[in-house]
Amino acid sequence: MKKRTGFFHMQALTSCISMMLVLLLLGAVVFFVLTARNLSTQVKENINITLLLSDDTKASDLVSMQKTLKQKLYIKSITYNSKEDALKEMTQDMGADPSEFLGTNPLTASLEVGLKADYANKDSIAWIAKELKQTTKAIDLIYQKEWVETINQWIAKISLILLVLAGLLTFVSFALINNTLRLSVYSKRFLINTMKLVGAKWSFIRRPFLWKGVCLGLIAAIVADGLLYAGYQGLIQVEPALKEIVTIQTQIIVAAAVLICGLFISLICAYFSVNKFLHMKTADMYTA
């Protein structure tokens with residue numbers, strides 16, 4: 001009896017480990033999908049439109065322009081750079097002060113306008129640039145059009161690849177967990193048949209198997225979440241800047257996704273696995 005009990009304990013442990021590995025892989029894909037989305041948002045919000053201001057722009061005009069721009073739904077941030085700031089930055093980049101041989105500061109003051117991620121695409125920036133030029137006293141407007149197009153193309157490709165991978169892995173996860181639980185139920189097919197013969201209700205027969213499936217899924221999900229969190233902490237130690245991309249919200253969503261998938265898939269797979277043997281005739285039990 002002890003040997004038999006040990007066998008079932010080992011079988012449950014094996015099933016739990018198999019499910020944990022599948023959920024770990026699924027959680028990793030969800031993690032990378034969300035991280036890619038956050039990175040995409042961060043990159044897009046670093047796309048700025050530069051409004052060059054004329055030298056005769058008054059302080060009152062500048063305040064009025066900033067007030068007008070802050071009311072725009074598509075603007076995330078506004079930064080003012082004076083002529084002196086622009087000269088200092090160029091001097092640092094070139095290693096020489098251009099005003100020394102020109103006799104005057106050739107640069108102009110500017111407003112750096114940061115856009116919200118939803119508006120940082122080719123079509124939106126085109127009409128935003130036109131509107132900004134009409135509603136401000138800027139003498140010119142600069143933004144890297146080719147860079148915007150390149151970024152959005154790469155983001156679209158990476159997002160598509162990750163979504164396809166997530167879909168395929170979800171299907172594979174379902175299949176693997178289903179096979180794991182089916183093998184667990186298979187070892188007790190004669191017990192299921194005996195309970196059927198003595199008149200036990202199918203709901204009564206299913207209950208312990210469903211409960212076991214949920215318990216295994218819960219344990220596997222908790223362990224998978226723990227390993228994912230440990231992996232995240234390891235990444236932070238290597239690259240602290242990842243804290244800006246991998247937010248608390250991302251970690252919660254990944255943990256919840258793994259937990260829900262573990263419980264839901266385990267419950268569904270256990271249900272159908274038991275049903276297979278509930279519908280099976282006694283004679284077929286020996287050849288199944």
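**Close-up 1. Leucine 165 is partly exposed in this predicted model.** The relative accessible area of leucine 165 is 42%, which places the residue between the limits of 20% for buried and 50% for exposed. Leucine 165 belongs to helix α6, which covers residues 145-186. Valine 30 lies 135 residues away from leucine 165 along the chain, and the C-alpha atoms of the two are separated by 9.7 Å.

**Close-up 2. Leu13, Ile17 and Leu21 form a nonpolar patch on the surface.** Together these three residues have about 270 Å² of accessible area. One of them, leucine 21, is part of helix α1, residues 2-44. Leucine 21 has a relative accessible area of 49% and is therefore classed as partly exposed, since exposed requires over 50%.

**Close-up 3. Leu181, Ser184, Val185, Phe209, Lys212, Gly213, Leu216 and Ala270 line the largest cavity.** Helices α6 and α8 (202-238) are the elements that each give two or more residues to this lining. The largest share, four residues, comes from α8. The volume of the cavity is about 60 Å³, and the structure holds one cavity of 30 Å³ or more.

Close-up 4. Buried would mean a value under 20%.

Technical notes
Residues are numbered from 1 along each chain as its sequence is written. This is a predicted model: local features need pLDDT of at least 70, side-chain atom pairs count only at pLDDT 80 or more; totals for chains, interfaces and linings use all residues. Side-chain values use heavy atoms; hydrogens and water are left out. Patches are made of residues with over 30% relative accessible area and no salt bridge: like charges are joined within 9 Å, nonpolar side chains (Val, Leu, Ile, Met, Phe, Trp, Tyr) within 5 Å. Accessible areas come from the Shrake-Rupley method with a 1.4 Å probe; for residues, only the protein chains shown count as cover. A salt bridge is a side-chain nitrogen of Lys or Arg within 4 Å of a carboxyl oxygen of Asp or Glu. Buried means under 20% relative accessible area, exposed over 50%, partly exposed in between (1.4 Å probe, protein chains only). On a 1 Å grid over the protein atoms alone, a cavity is a set of points where a 1.4 Å probe fits but cannot get out, and a pocket is an open set with protein on both sides within 12 Å along at least five of seven lines; lining residues have an atom within 4 Å of a point. Grid points are joined across faces, edges and corners, and a volume is the space filled by probe spheres set on the points.
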